[in-house]
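Please look at the sequence and the structure before reading on.

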Amino acid sequence: MRRITVWLLSTVAALVLLFSYKTSTMGVGGESSAIAAGTGGDAGTGSSGTGAGRYDGSVAQTRWGPVQVRITVSAGKITDVTALQMPDGNHRDQQINDYAVPILRQSALAAQSADIDTVSGATVTSDGYRESLQAAIDAAHL
Amino acid sequence: MATTTEPGRRAWVEQVMGLPVSVHLRGPGVRDEAVAARVEAFFAELRAADDTFSTYRPDSVLGRLAGRSPDPATADPAVREVVELCELARLRTGGRFDARRLPLPRGGVGFDPSGLVKGWAVERAARWLTDLADHDVCLNAGGDVLLRAAPDRPAWRVGVEDPQSPGHLLDVLERASGAVATSGTARRGAHITDPRAGRPAGAVRSVTVVGPDLLWADVYATAAVAGGPDALDWLAALDGYAALLVTADGRVRATPDWPGTRPAAGAAAA
C-alpha cells in the first residue's frame with residue numbers, strides 16, 4: 001500500500017507543482033511530508049488495504065489559485081487522475097489545464113510502472129517542467 | 001519496498017539558468033539544517049554562474065560582450081576556464097561542438113558557451129553535495145543527470161525519455177555514479193546548430209550519453225545531435241562514454257557498450 005499512497009500523494013503534489021515549484025502545501029493529511037520523503041509506512045488515508053477507491057486531495061492554494069485533484073485506484077494501481085478544481089481565471093490557465101492534466105496523468109502512470117529515480121531527456125524548459133515525468137518524481141520526495 | 005534500513009530521501013527543486021534543477025539526496029541527514037545549507041550553497045553557486053555566463057541577460061559578463069569572445073588575458077579565472085574548455089570541446093568533438101559562431105538569443109551570431117556552461121556549472125557546484133559523507137546524490141538539471149551512490153546502497157535508476165513520446169521511456173539505466181545527458185529537438189525544436197554546416201541540425205532527434213563526467217556527457221550529446229546520423233560511429237569511439245541515438249525518422253541505435261537494455265547499433269526500434 002505504501003507505494004500506492006506515495007503515488008497518490010505524488011500525483012496530487014505534481015498537479016499542485018504544475019502551478020508552483022515551491023508549493024509545499026499538498027494534501028491528503030498531515031502525514032504527507034513523511035510519506036513523500038520515502039521514510040514512512042502506510043499513510044492509511046482511508047485505503048484500508050483494499051487497493052481500490054477514489055481519493056480526493058485537499059485543496060492546495062497556489063500562486064495561481066486553488067488546486068484539488070481526485071485519484072482513482074483500482075487493483076493497487078492509479079487508473080485515473082482528474083481535476084476537481086483548477087485555476088481557470090484566464091485563457092493561459094485554461095490552456096495549461098487542457099494539456100497538463102492528461103500528460104501528467106500519463107507520466108504518473110509511466111513512472112509508477114518503471115520505478116525510476118530520475119529522467120534524462122532533451123532540455124526541459126521551465127514551462128515544459130510542469131508536464132514532465134521529472135516533476136512527478138520530484139513531487140513524490142519534496 | 002521500504003525496510004527499516006532505508007535511508008531518508010528528500011528532493012529540492014529550483015528554477016536556475018532558465019531550467020528546473022532538482023536535487024535528490026538519500027541519507028540519514030536529509031532533514032538536517034547543515035544538509036539544507038549545502039543544498040542552498042549548490043543552488044547559489046548555480047545562480048552565480050548564471051549571473052556570469054547567461055547569454056540571455058544583458059547584464060551578465062557574456063551578455064555585455066554580446067557575442068565577442070572573452071579576452072583570456074583579462075577574464076576572471078572561471079570565464080577563462082570556460083573559454084578554454086570550449087576550445088577543448090571543439091577539438092574533442094571534431095568541430096561538432098563549436099561555441100565561436102552560434103546564433104545568440106538576443107540576435108546576431110557569436111561566442112555562446114551555454115552548451116558547455118550548464119554541465120560545467122552543475123558539476124562544479126555539485127561538490128557541495130558529493131562531499132557530504134553518507135549521502136547519495138541524484139541531480140537533474142533540465143534533463144541532464146549527475147549521480148553518486150555509496151557502494152553498499154542501491155544504484156539510482158535513470159529513465160531515458162522517449163523523444164517521440166515525452167512521458168514514456170526508451171530505456172532505464174542503473175548507475176551508481178557518473179552522468180547521463182540527453183540533447184535533442186524534442187522539447188525546444190531544432191535549436192542545436194550544426195557548426196560545420198552553419199544551420200540548425202535536424203537529422204538526429206535525440207542523443208543520450210552516459211559516462212563519468214556531466215560536462216563531457218552533455219557536450220558529446222549536443223555535438224552528436226549537431227553532427228548528424230554519422231555521429232554514432234564517432235560516439236562509439238569515445239573512451240568511457242556510451243550513447244543511445246534516435247534518428248529523425250524514429251530509429252533507435254546504441255553504441256556497443258550501451259549499458260541499458262537496448263540492443264547495439266543497427267538494431268531497429270521496437
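## H3 against H4 in chain B

H3(B) and H4(B) cross in a right-handed sense (a crossing is right-handed if the near helix is turned clockwise from the far one by less than a right angle, left-handed if anticlockwise). From H3(B), the contact takes Val82(B), Leu85(B), Cys86(B) and Ala89(B), and from H4(B) it takes Leu116(B), Val117(B) and Trp120(B). Residues are in contact here if their C-beta atoms, placed from the backbone, lie within 7 Å. By class the contact has 7 nonpolar, no polar and no charged residues; Ala, Val, Leu, Ile, Met, Phe, Trp, Tyr, Cys and Pro count as nonpolar, Asp, Glu, Lys and Arg as charged, and the others, Gly among them, as polar.

H3(B) spans residues 77-92, and its axis lies 10 Å from that of H4(B) at an angle of about 115 degrees. Axes are lines fitted to C-alpha atoms, for helices over the stretch in contact, and angles run from 0 to 180 degrees between N-to-C directions. Helices (H or I, at least four residues) and strands (E, at least two) are DSSP runs, numbered from the N terminus.

## Basis of the model

The model is predicted: local features need pLDDT of at least 70 and side-chain atom pairs count only at pLDDT 80 or more, while totals for chains, interfaces and linings use all residues. Residues are numbered from 1 along each chain as its sequence is written, and chains are lettered from A and ligands numbered from 1 in the order in which they are written.

The crossing of H1(B) and H4(B) is right-handed. Phe42(B), Glu45(B), Leu46(B), Ala49(B) and Phe53(B) of H1(B) meet Val117(B), Ala121(B), Val122(B) and Ala125(B) of H4(B). This contact of H1(B) with H4(B) comprises 8 nonpolar residues, no polar ones and 1 charged.

With H6(B), residues 214-227, H4(B) makes an angle of about 160 degrees, and the axes are 8 Å apart. H4(B) and H6(B) are therefore roughly antiparallel as well, and their crossing is right-handed. On the H4(B) side the contact uses Gly115(B), Leu116(B), Lys118(B), Gly119(B), Trp120(B), Val122(B) and Glu123(B); on the H6(B) side it uses Leu214(B), Leu215(B), Asp218(B), Val219(B) and Thr222(B). These residues divide into 6 nonpolar, 3 polar and 3 charged.

## Leu129 in H5

Leu129(B) lies in helix H5 of chain B. Is Leu129(B) buried or exposed? Leu129(B) counts as buried because it has 22 C-beta neighbours inside 10 Å; the cut-offs are 20 or more other C-beta atoms within 10 Å for buried, 12 or fewer for exposed, and in between for partly exposed, with C-beta atoms placed from the backbone.

Beyond its neighbours within four places in sequence, Leu129(B) is in contact with Val23(B), Leu25(B), Arg38(B), Phe42(B) and Val137(B). Its C-alpha atom is separated by 37 Å from that of Gly202(B), 73 residues apart along the chain.

## Positive phi angles

Most residues other than glycine have a negative phi. Met17(B) has a positive phi near 55 degrees and is found in the loop between strands S1 (8-16) and S2 (19-27) of chain B. With 21 C-beta neighbours inside 10 Å, Met17(B) counts as buried.

Asp134(B), also not a glycine, has a positive phi of about 65 degrees. It is in the loop between helix H5 (127-130) and strand S5 (136-141) of chain B. Asp134(B) is exposed, with 11 other C-beta atoms within 10 Å.

## Chain A

Chain A has 5 helices and 5 strands, which run α-α-β-β-β-β-α-β-α-α from the N terminus on. Of its 142 residues, 46% count as buried. Among contacts in chain A with a separation of 6 or more, 59% are between residues 24 or more positions apart.

## Confidence

The model scores ipTM 0.85 and pTM 0.73. Chain B averages a pLDDT of 88, and 91% of the residues score at least 70; pLDDT is the predictor's confidence in each residue, from 0 to 100.

In chain B, pLDDT stays under 50 over residues 1-5, for which the model has 2 contacts beyond four places in sequence. It also stays under 50 over residues 265-270 of chain B, with 10 such contacts. Where pLDDT is low, the predicted coordinates should not be read in detail.

Technical notes:
Angles under 35 degrees count as roughly parallel, over 145 as roughly antiparallel, 65 to 115 as roughly perpendicular and the rest as oblique.
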